[in-house]
Amino acid sequence: MKKFLLPLLFLLLFIAESLFVQFLPADFFGQNRTLAPRFLFSALLLLTIFVGRKQGILYAAIFGLLFDIVYIEIIGIYLFLFPFITYIVSKIMHVLQANIIVAFFVSILGIALLEIGVYEMYYLIHVTNLDFVSFLKLRLYPVLLLNAVFLLIFIYPLKRYFEKVAETLRGE
Amino acid sequence: MPQFFLNKRLIILLVSIIVLVALIGFSLRERSKLSLPEQFIKDTTGWVQSLVSKPANYIAGFFENLQDLQDTYDENRELKTRVEKIASLEAEVQALKQDNKELREVLGEKKTLRDYKTQPATVIGRNPDRWHEMIIIDKGNVKGIEKNMAVITANGLIGKVKSVNQFSSTVQLLSAMDPKNRISALIQGKSKVYGFVQGFDAKQKLLLIKSIPSGAKVEKGQTVTTSGLGGVFPGGLMIGKVVDVKTDQYGLNQVAFVKPGADFYDIQNVIVIKRSMTQPAKSDMSNGKEEEL
């Protein structure tokens, strides 16, 4: 039973993102700003930081693929970016100590990298024609702010849980 | 740095970039249908999503009701003034409908572009990354939904069906940027003016209607509906109201800015529209890749 808890948590976050967007009023945060939740990816980064690179990249690839198929209908974007940024983050964490404050800032950095990566890809395939400066203003800052709030609330319980998971993994 | 290029990780990175490009290319091309594994995954997650989103809808509805209670008094007064007008309007519409039907029978033309069947559906998800404006609804192929059908809410057109699975489907909203997405629109004034809904101004949240002839008179406040001439959508679906008219960049046509009647956010229930009139074969209508709806 405990084995299924981890995938279930990520599946819950996967669906929570879509629900969040569905019920968010249009002008919640100033007229034209876009608030995109990155709850799933924040949790994936925390998993990488507190449990390990192998699990992190595996889950990132699986949920990246799921994200592409279900929400985007263009396969490859998140399938590539989720594991790639997870890998970069795990490299960064080699140098840094895995405490809660460092984890917070590294996760924010990871989300920023993801947003910029996604923007660049969509710009290339003409899904968007927003220029970079308006992208920063209308999208990146609000998204980082929203996810910082999410992390502030959930980073502590997630850290506790992931450390427990890491312990059982080491025990096996 | 020969060592750098022999690096195993670098090779993995390069291979994955190649795979990425191939996959994106595969999914970007014009697909009439999603592949079976994709459909299966979408249906499965759709089922889980509807398990979660239906109670969520219910709770959100409850809070909305509470909010509504606050301004009930003002609304009631406003509505009462309107009700009297509606009764007479309804009688008039009835008479006109009857007239129309009789005249059609005389002519022997029974079907019109305006006829359609409806299929209500509930929204069970929305694309969280918000670059593609898409929603997922809980009805699919089994309920007779097909690609490119129009999707409306009570207030007007919101988009078209982008892909269909067995038990769920994806709807692309009008606010999505997709150059292939052209909808034939009719601006109702003293004379009929036709144009194409083509693009969305993300900064002002207005739809753009292009290819309006430069001589045509378009004024603020005129209603815009679908024309039904695109061959896929039925006519007479509300799109919005004209807010502003400008000459386009070459000075040959006019562009109308239209405030959409429907809210593209906070959508919970939608209606999928199935056109009754037969569709002309696609090869008869267009020669290029562009779709006109």
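Analyst: Let's start with Val142(B), which counts as exposed because its relative accessibility is 54%, and the cut-off for exposed is over 50%. Keep in mind that we're looking at a predicted model here. So where does this valine sit? Val142(B) is in the loop that runs between β2 (134-137) and β3 (150-153) of chain B. Leaving out residues up to four places away in sequence, Val142(B) touches Gln166(B) and Phe167(B).

Now hop over to Gln198(B) for a contrast. Gln198(B) belongs to strand β7 (residues 192-201) of chain B. Is this one buried or exposed? Gln198(B) is buried, because its relative accessible area is 19% and buried means under 20%. Its contacts, again skipping residues up to four places away in sequence, are Asn181(B), Arg182(B), Leu208(B), Lys210(B) and Ser211(B).

Next, zoom out to where the two chains meet. On the chain A side, 48 residues are in contact with 45 residues of chain B. Together the chains bury about 4,100 Å², and 67% of that is on carbon and sulfur atoms. In chain A, the residues that lose the most area to chain B are Gln22(A), Glu73(A) and Ile75(A), which together make up 18% of what that side buries.

Glu73(A) turns up again when you look at charges: its side chain meets that of Lys42(B) in a salt bridge, at 2.4 Å from N to O. The count of salt bridges between chain A and chain B is two. There are also 16 residue pairs in polar contact across this interface, with both residues at pLDDT 80 or more.

Which parts of chain A give two or more residues to the side that touches chain B? They are α1 (2-23), α3 (53-72), α4 (77-95), α5 (100-124) and α6 (132-171) of chain A. The largest share comes from α1(A), with eight residues. Sorted by class, that side of chain A has 32 nonpolar, 10 polar and six charged residues.

Finally, a word on confidence. Chain A has a mean pLDDT of 89, and 95% of its residues reach 70 or more. Within chain A, confidence is lowest in α1(A), at a mean of 88, and highest in helix α2 (residues 39-50), at 94.

Methods:
Residues are numbered from 1 along each chain as its sequence is written. Chains are lettered from A and ligands numbered from 1 in the order in which they are written. Side-chain values use heavy atoms; hydrogens and water are left out. Contact means heavy atoms within 4.5 Å. Buried area is the accessible area (1.4 Å probe) that two parts lose on being put together, summed over both. A salt bridge is a side-chain nitrogen of Lys or Arg within 4 Å of a carboxyl oxygen of Asp or Glu. A polar contact is a pair of N or O atoms within 3.5 Å; within protein, one must be able to donate a hydrogen and the other to accept it, and residues adjacent in sequence count only if both atoms are side-chain atoms. Helices (H or I, at least four residues) and strands (E, at least two) are DSSP runs, numbered from the N terminus. Ala, Val, Leu, Ile, Met, Phe, Trp, Tyr, Cys and Pro count as nonpolar, Asp, Glu, Lys and Arg as charged, and the others, Gly among them, as polar. pLDDT is the predictor's confidence in each residue, from 0 to 100. Buried means under 20% relative accessible area, exposed over 50%, partly exposed in between (1.4 Å probe, protein chains only).
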